[in-house]
Amino acid sequence: MKPVRVNLALQGGGAHGAFTWGVLDRLLDETWLEVAAISGTSAGALNGAAFKAGMVAGGRDGAREALAALWATVGTVGDMRLSAWMQPVLPFAAAMTDVWEATFNTSPQGIAAQLFSPYALGAAWKNPLAPVVAGFDFSQVCAEAGPRLFVNATNVRDGKIGVFSGQKITPEALLASSCLPTAFQAVEVPHPVTGRTEAWWDGGYSGNPALFPLYEKDLPADLILVAINPLYREAVPDTPLEIQNRINEISFNAPLLRDLRAIAFVKRLLAKGMIAPGSMKDVALHLIADDPLMNALTASSKLLPNPASLARLRAAGRVAADAFLSKHANDLGKKGTVDPVALLD
């Protein structure tokens, strides 16, 4: 096939990011498909960093190996359903959480988060993702070669998004993008624009992921969104655990819906001739997702990266990407396959 350049937008979602690993692994099989840029949040940022570093170091095989190494390390982190600062106090935290959630359908982590703080241990607190990020070669992550990478985090003080790229993608920036405030201490990183040191939380609160970095004129119009946070749930939640989970999903989807509305708005203006073609990016949107699977998974599984569940998610991601390519490979580079308005209705 004729070479086609695309951008990737990778959502965050904790251990569910292994689904994106599978998607990327399948896309790497297609030698005609070139990834020009990646915007990622949280697990999406980690996937993006591994993908880029691997591509710079060893091409497609290098990217595949880097992604596998990333998730092998994530699989050793252990149960994060109760914050790392609590586990020395509650050595049977994982088992207790399982029993509690099955019996009372509430989250002990959610209750604990209202009573305790990840700052309780002060400087003794350790970020459980630090060993994961330490495995990256940042000379490759920040290299000019390979796909352009954008990492998203949320400024704690003003609530605005920060987009880190190039040499500003540091280990701290990746940890900031993945910082859930009820479990992790805020990560201090210089602001990518002002240079002032700021405290940062998970990028999902302000961009999950941010799409606007992919609108640069030198980047392709095709944008593949890899979604792991379901937009729609048929059942109305009625237990404390289900309610909290859906609140989190809606909060993390809100920034993406905002970006989709912007894409739809530009398309309407172009269709009505109200702006000149080429004056604004006419995004050709595509979507790879498995909402039935994500609806079936529990909220706790996002913070439980055991190897078996990661392998299942990777396999599902490969299947979803294969189905997308079977149906839409010939559309890439020509037209979008998802109407952003349809996602908003």
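The largest nonpolar core holds 66 residues, and L8, F19, F136, I169 and L174 touch the most other members. A nonpolar core is a set of buried Ala, Val, Leu, Ile, Met, Phe, Trp, Tyr and Cys residues joined through side-chain atoms within 4.5 Å. Buried means under 20% relative accessible area, exposed means over 50%, and partly exposed lies in between (1.4 Å probe, protein chains only). Helix 2 (residues 43-74) gives the most to this core, with 11 residues. Helices are DSSP runs of H or I with at least four residues, strands are runs of E with at least two, and both are numbered from the N terminus. A second, separate core has 15 residues, including A9, L256, I263 and L285.

This is a predicted model: local features need pLDDT of at least 70, side-chain atom pairs count only at pLDDT 80 or more, and totals for chains, interfaces and linings use all residues. Residues are numbered from 1 along each chain as its sequence is written, and side-chain values use heavy atoms, with hydrogens and water left out.

Beyond its neighbours within four places in sequence, F19 is in contact (heavy atoms within 4.5 Å) with residues including V226, I228, I288, M294, L313 and A320.

Salt bridges come next. The structure holds 18 of them. Each is a side-chain nitrogen of Lys or Arg within 4 Å of a carboxyl oxygen of Asp or Glu.

| Salt bridge | N to O distance |
|---|---|
| R318 and D29 | 3.0 Å |
| D61 and R64 | 3.6 Å |
| R233 and E249 | 2.7 Å |

R318 sits in helix 10 (residues 307-328) and D29 in the loop between helix 1 (18-27) and strand 2 (33-41), so the pair links parts of the chain 289 residues apart. R318 is partly exposed at 25% relative accessibility. D29 is partly exposed too, at 36%. D61 and R64 are three residues apart in helix 2, about one helical turn. D61 is exposed, at 52%. E249, in contrast, is buried, at 2%. A network of salt bridges links D25, R26, D29, E30, D61, R64, R314, R318 and D322.
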